[in-house]
Amino acid sequence: MSVVVYTENWEGKFKKASFEAVSYAARTAAQMGTEVIAVVIGGCSDDLSVLGSYGANHVLHYSNSSLDHFNPKSYASVLIDAVNSNSAHGVVLSGSFNGKAIGPLLAVGLKAALITNVSSLPESTAPLRVKRGAFSSKGYVVYESKQEKFVLSIVPNGIGVVEVSVSSNIELKGGFSAPSNSERVSVDMARGAIPLPEAEIVVSGGRGLKGPENWNMVEDLASVLGAGTACSKPVSDMHWRPHSEHVGQTGIAINPNLYIAIGISGAIQHLAGVSNSKTIVVINSDPEAPFFKAADYGIVGDAFDIVPKLTAALKEFKAQN
Amino acid sequence: MKILVCISHVPDTTSKIQFTADGKSLDSTGIQFVINPYDEFALTRALWFKEKLGGSVTVVNVGKANTEPTLRKALAIGADDAIRIDAEPTDGYAVAEELHSLISLEKYDLVLMGRESIDYNGTQVPGMVSALLDWPFINACVGMEVENGIATCIREIDGGKETVKASLPLVVAGQKGLVEEKDLRIPNMRGIMTARTKPLKVVPSVSTIVATQAVQYEKPAGKQACKMVSSDNVKALVDLLHNEAKAI
Ligand SMILES: Cc1cc2nc3c(=O)[nH]c(=O)nc-3n(C[C@H](O)[C@H](O)[C@H](O)COP(=O)(O)OP(=O)(O)OC[C@H]3O[C@@H](n4cnc5c(N)ncnc54)[C@H](O)[C@@H]3O)c2cc1C
Ligand SMILES: Nc1ncnc2c1ncn2[C@@H]1O[C@H](COP(=O)(O)O)[C@@H](O)[C@H]1O
């Protein structure tokens, strides 16, 4: 018995959320009194032994030309193989876009209970009970698995990692032939941008910024903080910013350590995607803006005055620290 | 093209979510239910494909009789006919099995769904249906064209976009981008009138699986009052973020 964890990499580099998934799997496996098998798929230039620092006892590296690119069907078939050939209890994976694509395929392939949006460790493991976010951050639901196997998809950046030191044995599985039924044509990555679900700090702008030409201010602040950038829905609807930056109930849900909202009113649909952020700062000229009720820190004032001052103060702080 | 659009019936985005006192279920008093916003993008795209390539658009919901007004709304927007599979949609796997059985019988060319339901945020049903059918699956789809039986889809990935090709039939889970917000169709008077006479068929439930069960509902912990910082003293905010919140 064991717990399998999918460790996603992008162009050969592990995603930060993969370490979180391994750490989550290790803590779950400890509750179950069993071990962790980390699965790496495709070419990976990172040192695989790093997975031991998050609790992987074994690393299975499936790599051959049929696994060069992410493909939901072929990657799911690898994980199903890893579960079946090791009689594992189930799979842990991070709820990235790719994780969300394969979770349901694993559930069907393994006839497993799929629990997504998981935001804490299992409350019990026999039966498996775990809390997940629902109603777009407006509630939590504890789910119980009714199947022998489970697939848990965890919210990126939600639970964090515990570093340990386990020496893992690494096994290369070169010969696995993976079926697929779709084909990548191309990828187009936003240059230099920090992917939103992974960003620890997010700076976000709303309609209060008046127009796309004023986003330099947001980007300057984000760059001092090493932050990702986001926006409210109308801002992406008006094409001031790309769709991929739209956060909220109908955009991306995020839970960074720090969310700075500039010129955003704090509509219920916006809050639904950001209210799980650990610390929220709101900058708004209207003291009655509803966002202040959901914030930890607030400044009432004109963004065009405050944001450059804040960027300067942070630059000074970074220089000293 | 024979298209099926799967419609989830969810609380309106402005709803205040409350749970029953025993924490065992959603308290739906006063809640208005609507077509899942992601499914509106799927439905509009389906109608657009029908107009361009011919064919039909059927909408389906797995739910009890209370979801019929939501299906009628989809008919008013332009779907040709509607099906309700008569089952309480308590588990994603069970919903997927219901849809799988319908799709196997009816031989659709394309199944369009939403990226996720905004109630339980499952992100389960579309992928499960694709796996049960062994059809290609595109999640988080933000653009799609079909030519000579091949679909070219753009899907969102962390930090960018990926273009993928797959043959029909396939399952697509869409979101904004599949069509633009401004192009979303809304019911007009004529649509509402004709919707009343369009077919809405009720079929019995077939699934027996229960993969998961919700056992307890909880509200998030309330926030502490917001600390206000003067606009003349942004340095104070930097100090608070560093020393108190430990966020920088
Ligand atoms: C079905 C549905 C789904 C939705 N989903 C989402 C979603 O996922 N995400 C989302 O964001 N919205 C969503 N919305 C829209 C939401 O209801 C709001 O309309 C939207 O969030 C408002 O965006 P905003 O705060 O940028 O703009 P506004 O509400 O116009 O607010 C602008 C704010 O800027 C402030 N301001 C103006 N000038 C300045 C200045 N110089 N300095 C500082 N502050 C200033 C104003 O006081 C105001 O509070 C959804 C709506 C619906 C109906
Ligand atoms: N009860 C249901 N009836 C019909 N379609 C559904 C139902 N539940 C979910 N779906 C479809 O599956 C998508 C994703 O839902 P979910 O997996 O529940 O997040 C929705 O956008 C719908 O297209």
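A polar contact is a pair of N or O atoms within 3.5 Å; within protein, one must be able to donate a hydrogen and the other to accept it, and residues adjacent in sequence count only if both atoms are side-chain atoms. The model is predicted, so local features need pLDDT of at least 70, side-chain atom pairs count only at pLDDT 80 or more, and totals for chains, interfaces and linings use all residues. Residues are numbered from 1 along each chain as its sequence is written, and side-chain values use heavy atoms, with hydrogens and water left out.

**Exercise 1. Describe the interface of chain A and chain B.**

Step 1. Count the residues in contact (heavy atoms within 4.5 Å). Chain A gives 91 residues and chain B gives 77 residues.

Step 2. Take the buried area, the accessible area (1.4 Å probe) that two parts lose on being put together, summed over both. The two chains bury about 7200 Å². Carbon and sulfur atoms give 59% of it. On the chain A side, F97(A), F135(A) and Y297(A) lose the most area, together 12% of what that side buries.

Step 3. List the polar links. There are 43 residue pairs in polar contact, both at pLDDT 80 or more. Eight salt bridges cross the interface, each a side-chain nitrogen of Lys or Arg within 4 Å of a carboxyl oxygen of Asp or Glu. K15(A) and D158(B) form a salt bridge, at 2.8 Å from N to O.

**Exercise 2. Which residues line the largest cavity?**

Step 1. Apply the rule: on a 1 Å grid over the protein atoms alone, a cavity is a set of points where a 1.4 Å probe fits but cannot get out, and lining residues have an atom within 4 Å of a point.

Step 2. Read the lining. It comprises H243(A), S244(A), H246(A), T250(A), G251(A), I252(A), Y38(B), R115(B), E156(B), Q175(B) and K176(B).

Terms used:
Chains are lettered from A and ligands numbered from 1 in the order in which they are written. On a 1 Å grid over the protein atoms alone, a cavity is a set of points where a 1.4 Å probe fits but cannot get out, and a pocket is an open set with protein on both sides within 12 Å along at least five of seven lines; lining residues have an atom within 4 Å of a point.
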